[in-house]
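Dear colleague,

Here is the structure I promised. My notes on it follow below.

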Amino acid sequence: MPGVRRLVRPPNRHLTLRDVSEESGVSEMTVSRVLRNRGDVSDKTRAKVIEAAKRLGYVPNKIAGALASNRVNLVAVIVPSLSNLVFPEMLAGVDEVLATTSLQPVVGTTSYDPAKEEKTLFEMLSWRPSGVIIAGLEHTDASRAMLANCGVPVVEVMDVDGDPVDAAVGISHWRAGYQVGTEIAERGYSRVGILGTKMDGDHRARKRIEGLERALSEAGIGVADQMAYSGLSGFAKGREMTAAMLERTPDLDFLFYTNDLTGAGGLLYALEKGLDVGGNLGLAGFNAFTLLDGLPRKLATVDSRRREAGQVAARIIAGDHVFDSDDRRVELVPTLLPGDTMRDRLA
């Protein structure tokens, strides 16, 4: 048919510089210069090449270009989960900063499994990324060795309670838990239940509990009951656990949830049962999820500054962050938000 370009290449064949050259009427060498943003090329010729490449759907082979530099402009970002709301906000911070650079984040998940993290890290490093952002400080020996010898900036993110391979950005979860424990004691609560997770790989939740237990112990308060769950956090799980714990230990006057989603479920259950939430029964979660803003009461929680952690990590990878000292840890300060589920401090 007149005016319709016929497909002369076999379907699914990779496009080449020659294809763009033929489409634009420009030499392959000039096409290469334009697509690599190198050399002196007129604006008119550059526009012609770019338009031809777009029309064809041509994507440059960055791996081939990386053979000379031994690096591609990808940043490996490895997190335990995308279904846990903790990590998407951190990823948003990473993306926000890298969007102003030539670097592009590529995400892998580990399901809180150290062996899967090791495999994911191996695969992603094989592409020779320009940097690595990885959640947490606890890894297998093999993973630590890969991180230590990959030859690019590495940022362990969302935790600073440990010894980073290169750099670390985040809050101290131990100190955050300690802060919550101190607040519980100062507000007159004395029978505390903790509702956490059974996931061995959730080291940050474990550290929060350890910090909280230390603060309570220093105030002469023991943990009266403790319960852990498997699987994903959620409102239903929080309701179920809260009902079970209050049935088992009815004289509890404070419940600490290591995650806001289970805490929200507990709050809804307590309100449904007509309990004196914020008075005789205090509740607190962790992470300050904005998803909870529409609840009948504001759940006490801790802002763990996840987005900012992602932003700082990305700036380190991009070479735009200056460390204050030889200690390449950037500790962000969490904020306790009392909401409506804790009584006022005692006079």
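A crossover counts as right-handed if, with the strands pointing away from the viewer, the path from the first strand over the helix to the second runs clockwise. Here β1, α5 and β2 form a right-handed β-α-β unit. Helices (H or I, at least four residues) and strands (E, at least two) are DSSP runs, numbered from the N terminus.

This is a predicted model, where local features need pLDDT of at least 70, side-chain atom pairs count only at pLDDT 80 or more, and totals for chains, interfaces and linings use all residues. Residues are numbered from 1 along each chain as its sequence is written, and side-chain values use heavy atoms, with hydrogens and water left out.

Strands β1 (residues 74–79) and β2 (residues 104–109) run parallel, joined by six bridges. (Strands pair if DSSP finds at least two bridges between them.) Leu 74 stands opposite Gln 104 in β2.

On confidence: pLDDT is the predictor's score for each residue, from 0 to 100. The protein's mean is 89, and 92% of its residues reach 70 or more. Over residues 1–7 the pLDDT is below 50, and beyond near neighbours in sequence this stretch has one contact (heavy atoms within 4.5 Å) in the model. Among the elements, helix α4 (residues 62–69) has the lowest mean, 58. Strand β8 (residues 254–257) has the highest, 98. Where pLDDT is low, the predicted coordinates should not be read in detail.

Best wishes
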